[in-house]
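Colleague: Could you take me through the interior of this protein, with a close look at one part of it, and give the cut-offs behind each term as you go?

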Amino acid sequence: MIVCNDNLVNIQYLFLFFILICSYTTYSQNYYKEGDKCFDEGDYTCAETKYKELYRSAASETDMQFGEIKIQKTKLCKENLKIANQEFASLNYTKAKEKYQAVLDSNPKDVFAKSQIEKCDIKINEAETTRLNKTNPTS
């Protein structure tokens, strides 16, 4: 009888361990989905937070590596966006456009970066038109 009870206890421990692993994996998947949602919306601070949680709750080495890649990609977008916004504010539209494009290269769904590129194009064209008008004044 004691052997049967020991086996039953072992089975219970295995079952609890299995439930714990499944729950842990589900939490990781939630962080992944939430992080991707934030990333797709261009909310890189939110995405970075979720991906860091993914990294911390990773159930395997592969999950940790995947989380780290997502974190680095998000940081790159965040940094490029910061620089682009600074360049835009400084009226350096060509440089701003390059950085907004770098954001779009990593995240083609970033609506803000797309709209800022359009604004940069308008400002660059206006500056070119003004330059041409000054060089070739109409009589």
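What follows is a walk from the overall fold to the core and then to the helix contacts around it.

Modeller: This is a predicted model, in which local features need pLDDT of at least 70 and side-chain atom pairs count only at pLDDT 80 or more, while totals for chains, interfaces and linings use all residues. Residues are numbered from 1 along each chain as its sequence is written, and side-chain values use heavy atoms, with hydrogens and water left out.

The secondary structure comes to five helices and zero strands, where helices (H or I, at least four residues) and strands (E, at least two) are DSSP runs numbered from the N terminus; along the sequence, the pattern reads α-α-α-α-α. The accessible surface of the protein is about 9800 Å², and 59% of that surface belongs to carbon and sulfur atoms, with areas taken from the Shrake-Rupley method with a 1.4 Å probe and, for residues, only the protein chains shown counting as cover. Of the 139 residues, 24% are buried, a class that means under 20% relative accessible area, with exposed over 50% and partly exposed in between (1.4 Å probe, protein chains only). Among contacts (heavy atoms within 4.5 Å) between residues at least 6 apart in sequence, 49% join residues at least 24 apart.

The part to look at closely is the largest nonpolar core, which has 18 residues; such a core is a set of buried Ala, Val, Leu, Ile, Met, Phe, Trp, Tyr and Cys residues joined through side-chain atoms within 4.5 Å. Phe39, Tyr44, Tyr51 and Tyr100 are the members that touch the most other members. At least two residues of this core come from each of helix H1 (2–40), helix H2 (44–56), helix H3 (61–89), helix H4 (93–106) and helix H5 (111–135), and H4 gives the most, with five residues.

Not counting residues up to four places away in sequence, Ser106 touches Phe39, Lys73, Leu76 and Cys77.

Turning to the helix pairs, H2 and H3 pack at an angle of about 165 degrees with their axes 8 Å apart, where axes are lines fitted to C-alpha atoms, for helices over the stretch in contact, and angles run from 0 to 180 degrees between N-to-C directions. H2 and H3 are therefore roughly antiparallel to each other, given that angles over 145 degrees count as roughly antiparallel, under 35 as roughly parallel, 65 to 115 as roughly perpendicular and the rest as oblique. The residues making this contact include Tyr44, Ala47 and Tyr51 of H2 and Thr74 and Cys77 of H3.

Phe66 also lies in helix H3, and with a relative accessible area of 36% Phe66 is partly exposed. Leaving aside neighbours within four places in sequence, Phe66 is in contact with Tyr32 and Leu54, and the C-alpha atoms of Phe66 and Leu54, 12 residues apart along the chain, are separated by 8.8 Å.

For H3 and H5, the axes come within 12 Å and cross at roughly 30 degrees, and these helices are therefore roughly parallel to each other. The contact is made by Leu81, Asn85 and Phe88 of H3 and by Phe112, Gln116, Lys119 and Cys120 of H5.
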